[in-house]
Amino acid sequence: MRVDRLLAPLSGLVVLAALLLGLEWAVEAGLIRRALMPAPSTIALRLWDLLASGDAMAPMMQTLRLVFTGFAIGSAIGIAAGLAMGWWPSVFRLLEPLVELVRPIPKSALVPPLMLFLGIGFAMKVTSVALVVTFPVLVNTLQGVRGVDRVMLDAARTHGWPARHTLLHLVLPAALPLVLAGMRISLGLAMVLAVLSEMLAGEGGLGFLILDMQRSFRVRDMYAWLVILAVLGLALNWLFILAERRALHWQRR
Amino acid sequence: MRITSGTWLILGLLALWEASARLGWVDSPNWPALSQVLAALAADMATGELPARICGSLWRMGAGLAAGGLAGVLTGLAFALIPLTARLFGVVVELLRPIPVPAVIPPLVLFLGLDDPMKITVVALTVFFPVLTNTLQGVQAVEPDSIAMGRTFGIGPLRRAGFIILPAALPAILAGFRVALALALVVTVVAEMIAGEQGIGSYLVLMQFAGRAPEMYGVIVLLAALGYALNRGFVALERRLIAWWYAAGREAA
């Protein structure tokens with residue numbers, strides 16, 4: 001089993017290497033136009049230059065800061081609203097129609113109006129990321145709160161727990177698996193909106209660079225930045241899953 | 001429909017929107033009144049420009065959904081039924097999955113240009129992953145007994161896949177398609193916003209640059225309605241296609 005689990009990704013990595021080599025060969029043999037797809041080795045060299053010179057650092061940090069801030073704000077709003085809506089029926093009745101009205105609006109379509117109000121700076125981008133993050137977190141939190149075992153709630157009441165204590169120490173932990181599942185979905189969406197708003201604002205960040213390099217036909221740079229973005233996405237996703245496992249360690253199946 | 005506090009909240013907010021623009025509380029060309037937005041939307045629909053763009057966007061979305069969905073189902077079936085394929089290509093798929101979609105648009109523009117082929121490919125790529133994941137999970141959850149029974153009756157592997165496994169996994173696959181449908185509309189609009197002059201997305205950006213706020217908000221209202229209608233339509237279709245599944249007393253996930 002142990003060996004098998006080590007071998008499984010290994011055979012996959014071999015296939016990946018084979019694909020890259022095949023691509024390299026196809027470019028060298030002239031099957032793919034170099035102007036569209038430079039050889040992977042030259043992209044790797046460019047990538048190395050960007051990383052070694054430290055030029056990659058600033059755009060990376062810019063995009064990461066955007067994703068983190070937007071994700072944190074959106075998650076906080078989503079969790080708070082979801083908890084309140086799940087806990088107090090009056091809050092649910094008040095906010096549910098509004099949530100259902102705003103939820104189907106494609107958040108990416110909100111970037112242009114946000115640019116009109118907030119300009120092309122950090123405020124606009126963070127708002128668009130936070131908006132897209134909020135709703136999956138909210139809906140999942142609500143579902144999680146509703147799924148809390150009634151018997152446990154009754155037990156808390158029997159023990160005379162105040163509402164605040166019950167919310168923090170019973171409802172929130174019980175809803176956590178669903179809350180985190182919502183946040184995992186939102187993390188991917190946050191990356192999408194971060195890249196999109198950077199592309200539309202044209203003011204730095206990985207998304208802007210990828211589009212800008214394409215428009216100025218610096219194809220090797222474009223692919224290098226794309227690789228950086230992909231690795232960043234992969235790393236964030238992986239980190240989140242690790243954190244999720246740690247937070248839910250009691251939920252071993 | 002009962003009028004709850006939530007309905008009043010929405011009505012109140014809409015009235016506040018209208019009043020703030022009409023009475024000059026918010027004095028900005030970016031803040032048109034609700035009535036102006038609806039009038040602009042109606043006018044755009046009447047000229048036939050917007051309906052034509054909607055049809056174009058929907059066609060690109062549909063084509064991408066079909067192509068990406070088919071690829072997702074086939075890959076999911078292969079991964080689940082032939083473990084070797086999952087071992088070989090699983091890593092590549094997992095590496096590609098976290099790339100934020102807008103970022104693949106610039107390289108695709110190089111290969112496929114600004115028009116339909118590029119946009120359909122972007123949509124197909126987006127749709128592929130949720131459908132693949134759900135197909136994989138759906139097939140893995142098929143009761144081994146029913147497969148064993150097929151084998152006992154001497155049904156060949158291809159017919160087993162088509163007539164036993166696929167129908168049994170259909171609820172999960174359709175759930176994947178429901179997620180994919182929402183993403184497909186968003187990504188169609190995103191692709192149109194970033195590249196080319198087709199469809200609703202491009203119209204949205206055009207109106208932003210032209211400073212025609214009422215038209216811009218009108219398009220967003222329209223997109224929200226479209227997303228809502230598509231989801232509703234799909235759920236209705238789902239209820240028909242897998243009526244047997246709901247008949248077994250299960251609820252939509």
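This is a predicted model: local features need pLDDT of at least 70, side-chain atom pairs count only at pLDDT 80 or more; totals for chains, interfaces and linings use all residues.
In an unreviewed entry, UniProt annotates "transmembrane region" in chain A at residues 66–88, 114–142, 163–183, 189–211 and 223–243. In the model, residues 66–88 of chain A are 96% helix and 0% strand, with their end C-alpha atoms 33 Å apart. Residues 163–183 of chain A are 100% helix and 0% strand, and 25 Å lies between their end C-alpha atoms.

Chain B carries the annotation too: an unreviewed UniProt entry lists residues 58–83, 95–114, 120–142, 163–196 and 216–235 of chain B as "transmembrane region". Residues 58–83 of chain B are 96% helix and 0% strand, spanning 36 Å between the end C-alpha atoms. For residues 163–196 of chain B, the figures are 94% helix, 0% strand and 43 Å from end to end by C-alpha atoms.

Back in chain A, one helix pair deserves a look. The axes of helix 6 (residues 122–146) of chain A and helix 8 (residues 163–201) of chain A come within 7 Å and cross at roughly 160°. Angles over 145 degrees count as roughly antiparallel, so helix 6 of chain A and helix 8 of chain A are described in that way. Their crossing is right-handed. The contact of helix 6 of chain A with helix 8 of chain A comprises 19 nonpolar, eight polar and two charged residues.

Methods
Residues are numbered from 1 along each chain as its sequence is written. Chains are lettered from A and ligands numbered from 1 in the order in which they are written. Side-chain values use heavy atoms; hydrogens and water are left out. UniProt positions are given in the numbering used here, feature names are shortened, and annotations may be inferred rather than shown by experiment. Helices (H or I, at least four residues) and strands (E, at least two) are DSSP runs, numbered from the N terminus. Axes are lines fitted to C-alpha atoms, for helices over the stretch in contact, and angles run from 0 to 180 degrees between N-to-C directions. Angles under 35 degrees count as roughly parallel, over 145 as roughly antiparallel, 65 to 115 as roughly perpendicular and the rest as oblique. A crossing is left-handed if the near helix is turned anticlockwise from the far one by less than a right angle, and right-handed if clockwise. Ala, Val, Leu, Ile, Met, Phe, Trp, Tyr, Cys and Pro count as nonpolar, Asp, Glu, Lys and Arg as charged, and the others, Gly among them, as polar.
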